[in-house]
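Have a look at the sequence and the fold first.

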Amino acid sequence: MKLTYLGTAAAEGWPGVFCNCGSCQAARALGGKNIRTRSQAIVDGELLLDLPCDTYLHALREGLDLSAVRWLLVTHSHTDHFYPAELVLRGGCYGLDMTSAALDIYCNEAVEAYFYRAARQELEPDIEKNLHFHRARPFEAFQAGPYRVTPLPARHMETEQALIYLIEKAGKSLLYAHDTGRLLPEVLDYLAGRQLDLISLDCTSGRRENGASDGHMGLPDAVWVRQRLLGSGAADGHTRFVLNHFSHNGGLLHKQLEEQAAVWQMVPSYDGMQVIL
């Protein structure tokens, strides 16, 4: 599997779309890996993780054929992870000669309901017929082409069950864990002994520790999760730990993140980063 991090920021992007704080001004001045768009990733060019408003930019920057995406996994209905308006353009006169007419969308019920609330006015029948929504439920694995996908409950919000995803293919496995606070006990138990190849962890809060009750993590919380996954056999010496989903409020620019994460054998992601499993 090849995982590409298309975007690595929290909801406001970094620099924040309307922000002039010191962290955002520094990111604008430094550029490069400090410029972060809303979080999104893709596996093998065909399995997409989330659909933020920056999806079109990601496709242009990385040279992606978005019509070749066959499966979409959505973590939750926050607009930095699901932007319904994009899908009303997937076909008809807007999308000609698409590589794949059909798109299977796996999500919770809130995501599907949000799509129809937001898109109904512009959604054309010949486009809607190719959008296939499937209910993703915690701990109920499903097959998406060559990928075995297991949704797991995130610690993120009270109004709906946000999800993280375990993705397996050809003997390789990755855990994509955004947006979530410290992994729930039942998730840690489920992952025990699996020896995952890649674990991608939320690090929205940068240097700050959020503890067990918050819906995001900082670096100290990611370290807490890493230690427990290593202790349970969910990870071992070959497992790669990657941090993702950064907010300017966390205060650590990319170089600072690299230095502090390296102490714990973790690396921060950046827009366009690729990992081969």
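Is Arg120 buried or partly exposed? Arg120 is partly exposed, with a relative accessible area of 45%; buried means under 20%, exposed over 50%, and partly exposed in between, using a 1.4 Å probe and protein chains only.

Before we go on, a word about what you're looking at. This is a predicted model, where local features need pLDDT of at least 70, side-chain atom pairs count only at pLDDT 80 or more, and totals for chains, interfaces and linings use all residues. Residues are numbered from 1 along each chain as its sequence is written, and side-chain values use heavy atoms, leaving out hydrogens and water.

**Salt bridges**

Back to Arg120: its side chain meets that of Glu128 in a salt bridge (a side-chain nitrogen of Lys or Arg within 4 Å of a carboxyl oxygen of Asp or Glu). Glu128 is partly exposed too, at 23% relative accessibility. The structure holds 11 salt bridges, and here are some of them:

| Salt bridge | N to O distance |
|---|---|
| Arg38 and Asp54 | 3.4 Å |
| Arg120 and Glu128 | 3.6 Å |
| Arg148 and Glu168 | 3.9 Å |

Take Arg148 and Glu168. This pair links distant parts of the chain, with Arg148 in strand β8 and Glu168 in strand β9 (residues 163-169), 20 residues apart. Strands (E, at least two residues) and helices (H or I, at least four) are DSSP runs, numbered from the N terminus. Arg148 counts as partly exposed at 42% relative accessibility, and Glu168 as partly exposed at 22%.

Now for Arg38 and Asp54. Arg38 lies in the loop between α1 (22-30) and β2 (40-43), and Asp54 in the loop between β3 (47-49) and α2 (55-62), so the pair ties together parts that are 16 residues apart in sequence. Arg38 is buried at 17% relative accessibility, and Asp54 is buried at 12%.

**Aromatic rings**

The structure holds seven aromatic pairs. Rings of Phe, Tyr and Trp (its six-membered ring) pair if their centres lie within 6.5 Å; planes under 30 degrees apart count as stacked, over 60 as edge-to-face and the rest as tilted. One of the pairs is Trp71 with Tyr147, which is edge-to-face, at 5.9 Å centre to centre and 70° between the planes. Trp71 sits in strand β4 (residues 71-73) and Tyr147 in strand β8 (residues 147-153), so this pair ties together parts that are 76 residues apart in sequence. Both Trp71 and Tyr147 are buried.

Tyr116 and Phe133 make a tilted pair, with 5.9 Å centre to centre and 50° between the planes. Tyr116 is in helix α3 (residues 109-119) and Phe133 in strand β6 (residues 131-135), 17 residues apart. Tyr116 is partly exposed at 22% relative accessibility, whereas Phe133 is buried at 16%.

**Charges over rings**

The charged end of Lys33 sits over the ring of Tyr270, 4.3 Å from its centre. That label needs NZ of Lys or CZ of Arg within 6 Å of the ring centre and within 35 degrees of the ring normal. The charged end of Arg226 likewise sits over the ring of Phe241, 5.4 Å from the ring centre.
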